[in-house]
Amino acid sequence: MAYFEWADDLAIDYGGPIDQDHRKLVDLVNELHTATSEGRGREVVAQVLERLIAYTTEHLGREEHEMAQAGFPSLEEHRRWHHKFIADLHSLQVKYEAGSVTVAAQLSMVLRDWLSLHIRRSDRELREFLKRS
C-alpha cells in the first residue's frame, strides 16, 4: 500500500494540469517513502529533494498562472502559502546537506501534510471557484 493515496476529493481541475501535477507530487512522496521504508532514505533524499523543489516550483507557477487567468480572488494568499512551502523544502535541503539523518522522514511528513491539507483545504477553494466560473 502506498504511503499517500490519490483520492477523488483531491481533484481540483478533474484530470487537468493541476491534478496531473498533484499526482506527480504524490508519486514523489511515495517514492521517497518506499526508499525510506527499505532503508535507502538517506541515499535518495538528495535526488528526491532536488526533483521536488524543481517540480513544485514549476507546478506552483502553473497553478498561480491558472488562478490569475481565472481571476481567483485568493491568489495572493495562495502565493504566500506556496512561498512558505518552497522555503520549507529549501530548509530541509539545508538540513540534509548539514548531515541531518531525519530529513527523509521529515520530508515525507511535510509532503503528506501539504498534499493532504493544502489540496483538500486551500485548493478546494480554487476548485469551487472554477466550478462557478
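**Pocket and core in a predicted model**

Author: In this predicted model, the largest pocket holds about 230 Å³ of space.

Reader: Which residues line the largest pocket?

Author: The lining is made up of Trp81, Lys84, Phe85, Asp88, Val110, Asp113, Trp114, Leu117, His118, Arg121 and Ser122. The elements that give two or more residues to the lining are α3 and α4 (103-132).

Reader: Which element gives the most to that lining?

Author: α4 does, with 7 residues.

Reader: And how many nonpolar, polar and charged residues in the lining?

Author: By class, 5 are nonpolar, 2 are polar and 4 are charged.

Reader: Switching to the largest nonpolar core. How many residues, and which have the most contacts inside it?

Author: The largest nonpolar core has 35 residues, and Val45, Leu107 and Leu115 are those with the most contacts inside it. Two or more residues come from each of α1 (17-37), α2 (41-70), α3 and α4. In soluble globular proteins, nonpolar side chains tend to be buried together.

Reader: What is Leu115 in contact with, leaving aside neighbours within four places in sequence?

Author: Leu115 is in contact with Phe4, Leu10, His22, Leu25, Val26, Val29 and Arg120.

Reader: Different topic. Where is Arg80?

Author: Arg80 sits in helix α3, which spans residues 75-97.

Reader: Is Arg80 buried or exposed?

Author: Arg80 is exposed, because its relative accessible area is 57% and the cut-off for exposed is over 50%.

Reader: What separates the C-alpha atoms of Arg80 and Ala105?

Author: A distance of 25 Å; along the chain, Arg80 and Ala105 are 25 residues apart.

Conventions. Residues numbered from 1 in each chain as written. Predicted model: local features only at pLDDT ≥ 70, side-chain atom pairs only at ≥ 80, totals over all residues. Heavy atoms only, no water. Helix = DSSP H or I, 4+ residues; strand = E, 2+ residues; numbered from the N terminus. Buried < 20%, exposed > 50% of the residue type's maximum accessible area, 1.4 Å probe, protein only. 1 Å grid on protein atoms, 1.4 Å probe; cavity = no way out; pocket = protein on both sides within 12 Å on 5 of 7 lines; lining within 4 Å. Points joined across faces, edges and corners; volume = space filled by probe spheres on them. Nonpolar A, V, L, I, M, F, W, Y, C, P; charged D, E, K, R; others polar. Core = buried A, V, L, I, M, F, W, Y, C linked by side-chain atoms within 4.5 Å. Contact = heavy atoms within 4.5 Å.
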